[in-house]
Amino acid sequence: MEPDQSPERTPDGHFVLIKGRKWRATDPAVPEEIAARLRRHLMAARRAVRSATSAADAHAERTARARVHQAKTALGERGTPWWDQSPDERRRRWEQGLARLDDGTRDDGAQD
């Protein structure tokens with residue numbers, strides 16, 4: 001796959017194929033501006049995982065991995081499959097996920 005190309009999708013659009021592996025696709029209903037913000041949170045959280053792992057900081061790693069999970073869930077890549085959710089449930093998923101990531105709140109209500 002070229003760097004500027006989108007990955008191949010399964011015929012139903014639910015999954016993307018990357019290096020022969022099937023991964024759940026981002027919910028196509030997420031508005032691009034919101035998806036871009038969620039991807040920025042995701043990439044920052046992944047960088048934080050790498051830093052915490054390098055520093056052998058278990059607490060920071062758990063916190064960063066929780067943020068990765070939140071971002072991927074908000075994008076529809078984890079949790080209840082987006083194709084099994086109503087439009088209102090899908091909107092609520094990404095709006096709440098983005099709000100929690102923006103203010104640093106974890107799913108359990110605790111602050112990072």
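Lys19 sits in the loop between strands β2 (15-18) and β3 (21-24). In this predicted model, Lys19 has a phi near 50 degrees, a positive value in a residue other than glycine. Most residues other than glycine have a negative phi. Lys19 is exposed, with a relative accessible area of 85%.

- Ala56 belongs to the loop between α1 and α2.
- Is Ala56 buried or exposed? Ala56 is exposed, because its relative accessible area is 68% and the cut-off for exposed is over 50%.

**Overall layout**

- The protein has three helices and three strands.
- Along the sequence, the order of these elements is β-β-β-α-α-α.
- The protein has 112 residues, and 31% of them are buried.
- Take the contacts in the protein with a separation of 6 or more: 52% of them join residues 24 or more positions apart.

**Helices α1 and α2**

- The axes of α1 and α2 come within 8 Å and cross at roughly 160 degrees.
- That angle is over 145 degrees, so α1 and α2 are roughly antiparallel to each other.
- The crossing of α1 with α2 is left-handed.
- On the α1 side, the contact includes Ala35, Leu38, Arg39, His41 and Leu42.
- Further α1 residues in this contact include Ala44, Ala45, Arg46, Ala48 and Val49.
- On the α2 side, the contact includes Ala60, Glu61, Ala64, Arg65, Arg67 and Val68.
- How many nonpolar, polar and charged residues does the contact of α1 with α2 have? There are 14 nonpolar, two polar and six charged residues.

**Helices α2 and α3**

- Helix α2 covers residues 58-75.
- The axes of α2 and α3 come within 8 Å and cross at roughly 155 degrees.
- This crossing angle is also over 145 degrees, so α2 and α3 are roughly antiparallel to each other.
- The crossing of α2 and α3 is left-handed.
- Helix α2 contributes Arg67, Gln70, Ala71, Thr73, Ala74 and Leu75 to the contact.
- Helix α3 contributes Arg93, Trp94, Gly97, Leu98, Arg100 and Leu101.
- By class, the contact of α2 with α3 has six nonpolar, three polar and three charged residues.

**Helices α1 and α3**

- Helix α1 spans residues 32-54, and helix α3 spans residues 87-103.
- Their axes are 11 Å apart, and the helices pack at an angle of about 45 degrees.
- That makes α1 oblique to α3.
- The crossing of α1 and α3 is left-handed.
- Which residues of α1 and α3 meet? From α1 come Ile34, Arg37, Leu38 and His41, and from α3 come Trp94, Leu98, Leu101 and Asp102.
- This contact of α1 with α3 has five nonpolar residues, one polar and two charged.

**His41 and its contacts**

- His41 lies in helix α1.
- Which residues does His41 touch, leaving aside its neighbours within four places in sequence? His41 is in contact with Arg67, Leu98, Leu101 and Asp102.
- Arg67 is one of the α2 residues in the contact with α1.
- Leu98, Leu101 and Asp102 are among the α3 residues that meet α1.
- His41 and Arg67 are 26 residues apart along the chain.
- The C-alpha atoms of His41 and Arg67 are separated by 7.8 Å.

**Aromatic rings**

- The count of aromatic pairs comes to two.
- Trp82 and Trp83 have ring centres 5.0 Å apart and ring planes at 85 degrees, so this pair is edge-to-face.
- The cut-off for edge-to-face is over 60 degrees.
- Ring pairs link Phe15, Trp82 and Trp83 into a cluster.
- Why does Trp82 count as buried? Its relative accessible area is 6%, and buried means under 20%.
- Trp83 has 28% relative accessibility, so Trp83 counts as partly exposed.

How values were computed:
Residues numbered from 1 in each chain as written. Predicted model: local features only at pLDDT ≥ 70, side-chain atom pairs only at ≥ 80, totals over all residues. Heavy atoms only, no water. Axes fitted to C-alpha atoms, helices over the stretch in contact; angles between N-to-C directions. Helix = DSSP H or I, 4+ residues; strand = E, 2+ residues; numbered from the N terminus. Parallel < 35°, antiparallel > 145°, perpendicular 65-115°, else oblique. Left-handed = near helix turned anticlockwise from the far one by under 90°. Contact = heavy atoms within 4.5 Å. Nonpolar A, V, L, I, M, F, W, Y, C, P; charged D, E, K, R; others polar. Phe/Tyr/Trp six-rings, centres within 6.5 Å; stacked < 30°, edge-to-face > 60°. Buried < 20%, exposed > 50% of the residue type's maximum accessible area, 1.4 Å probe, protein only.
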